[in-house]
Amino acid sequence: MTERVSQRNPWLVLAGFLGVVAVVAVVAGLAATSAKDVYARLEQPSWAAPASWFGPVWTVLYVTIAVSGWLYWRTDGETRGFAAYGIGLLANLLWTPLFFEGGAAKAALVDIVVLDVVVVVTIVLFARRSKPAAALLVPYLAWILYATALNTAIVALN
């Protein structure tokens, strides 16, 4: 692992990563204004998490996603890693409006499966340069795999 030697202030770059991920979080939050009501109306499996868990879990995950990108940047990360990271943020951004506002649980399922694959690819690419950057994405992967199973169950039950 090589540390990035840059003219950019690394703390400002971290703030940039946090800002970009915050935009994803805010857009998802705006698209989830009716999420609790929609979620409550859906037939769910017995193992579905309570709606109250999603906000705190996502808050922690969004911070780790931003820090992961920053750690990768600090190693002079290659373009493919950043491309996968960006595609993952876009897929993440699309899921909430598809599922909650669009009422398109099947389209959201396709989106989250794409997100699962992209996050795995991102972890592999990040691990080549920064094990900590890759490791920070593992809880995110675990959560979206759970969300994929939940999305799948909701599609089947509704």
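Q: In this predicted model, which residue forms a salt bridge with E78 at 3.8 Å between the closest N and O atoms?
A: The cut-off for a salt bridge is 4 Å. The closest N and O atoms of this pair are 3.8 Å apart, so the pair counts. The partner of E78 is R129.

Q: Which residues are linked in a network of salt bridges?
A: A search of the whole structure finds two salt bridges. R80 pairs with E78 at 3.4 Å between the closest N and O atoms. E78 also pairs with R129. The network links E78, R80 and R129.

Q: Is R80 buried or exposed?
A: Exposed means over 50% relative accessible area. R80 has 51%, so R80 counts as exposed. By contrast, E78 at 21% and R129 at 28% count as partly exposed. For R80, the class is exposed.

Q: Are helix 1 and helix 4 roughly parallel or roughly antiparallel?
A: The axes of helix 1 (residues 10-30) and helix 4 (residues 79-101) come within 8 Å and cross at roughly 20 degrees. Angles under 35 degrees count as roughly parallel. Therefore helix 1 and helix 4 are roughly parallel.

Q: How many charged residues does the contact of helix 1 with helix 4 have?
A: Helix 1 contributes residues including F17, V20 and V24. Helix 4 contributes F82, L89 and N92, among others. By class, the contact has ten nonpolar and two polar residues; the charged count is no residues.

How values were computed
Residues are numbered from 1 along each chain as its sequence is written. This is a predicted model: local features need pLDDT of at least 70, side-chain atom pairs count only at pLDDT 80 or more; totals for chains, interfaces and linings use all residues. Side-chain values use heavy atoms; hydrogens and water are left out. Axes are lines fitted to C-alpha atoms, for helices over the stretch in contact, and angles run from 0 to 180 degrees between N-to-C directions. Helices (H or I, at least four residues) and strands (E, at least two) are DSSP runs, numbered from the N terminus. Angles under 35 degrees count as roughly parallel, over 145 as roughly antiparallel, 65 to 115 as roughly perpendicular and the rest as oblique. Contact means heavy atoms within 4.5 Å. Ala, Val, Leu, Ile, Met, Phe, Trp, Tyr, Cys and Pro count as nonpolar, Asp, Glu, Lys and Arg as charged, and the others, Gly among them, as polar. A salt bridge is a side-chain nitrogen of Lys or Arg within 4 Å of a carboxyl oxygen of Asp or Glu. Buried means under 20% relative accessible area, exposed over 50%, partly exposed in between (1.4 Å probe, protein chains only).
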